[in-house]
Amino acid sequence: MNELIEKPLRSLTTPQDTGLREVGPVGCPNLSQALALARDKCKAASKDKKHHLGYAYASADEVISTANAALEGSGLALLPIKEELVVLPIGNNAIYTINRTFILSHASGEFVALEVKGFPVNLEGKKTLDKCYLAAMTTSFAYKLRDLLQMPRGDEHDIAGRD
């Protein structure tokens, strides 16, 4: 469903314009060290919501809040810089997905691009496409943070365990 691709971003702007330093094959030691420390600090998100079937789960907002606590003081920022709604027509219907590009940047100037491709936009019930699109944006951000920080998943009923 999601394809994660990590690669240096080459077309953002010139390093002189941003103060950012593009990382190459040598790596990004400051970013890596900060990410490892944030990962070690990260806890499981609490189960703050209840599904209509009765099980508790961690909402996207709770996952984002828990990730932000782990990232605090790390010098790391995950910035969404590009998003795209993809419409796949199927007869008189369509399937919607989003593609997103994030920049994981460190205060040292090191950064990498992270991509999410094909994240589903679930048109549940009678919700409008704009509401479902925004929900997919929030949820994809929560999943990216959870994966990046290797957040403990809890059980199969939290955000991490849903299909």
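A contact here means heavy atoms within 4.5 Å. In the protein chain, residues 24 or more positions apart make up 58% of the contacts with a separation of 6 or more.

The model is predicted: local features need pLDDT of at least 70, side-chain atom pairs count only at pLDDT 80 or more, and totals for chains, interfaces and linings use all residues. Residues are numbered from 1 along each chain as its sequence is written, and side-chain values use heavy atoms, with hydrogens and water left out.

Start with the fold. The protein chain has four helices and seven strands. Helices (H or I, at least four residues) and strands (E, at least two) are DSSP runs, numbered from the N terminus. Read from that end, the order is β-α-β-α-β-β-α-β-β-β-α.

Next, the surface. The accessible surface of the chain comes to about 9,700 Å² (Shrake-Rupley method, 1.4 Å probe; for residues, only the protein chains shown count as cover). Carbon and sulfur atoms hold 53% of it. Of the 163 residues, 38% count as buried. Buried means under 20% relative accessible area, exposed over 50%, and partly exposed in between (1.4 Å probe, protein chains only).

Now the interior. A nonpolar core is a set of buried Ala, Val, Leu, Ile, Met, Phe, Trp, Tyr and Cys residues joined through side-chain atoms within 4.5 Å. The largest one has 36 residues. Leu 76, Leu 78, Ile 98, Leu 104, Leu 114, Leu 145 and Leu 149 have the most contacts inside it. Helix 2, helix 3, strand 5, strand 6, strand 7 and helix 4 each give two or more residues to this core. Helix 4 supplies the largest share, nine residues. Leaving aside residues up to four places away in sequence, its partners include Leu 31, Leu 35, Leu 76, Leu 78, Phe 111, Leu 114 and Leu 148.

Just after the helix, Gln 150 takes a positive phi of about 50°.

Last, the cysteines. Cys 28 counts as buried because its relative accessibility is 12%. Cys 42 counts as buried at 9%. A disulfide requires a pair of cysteine sulfur atoms within 2.5 Å. The count by this rule is zero.
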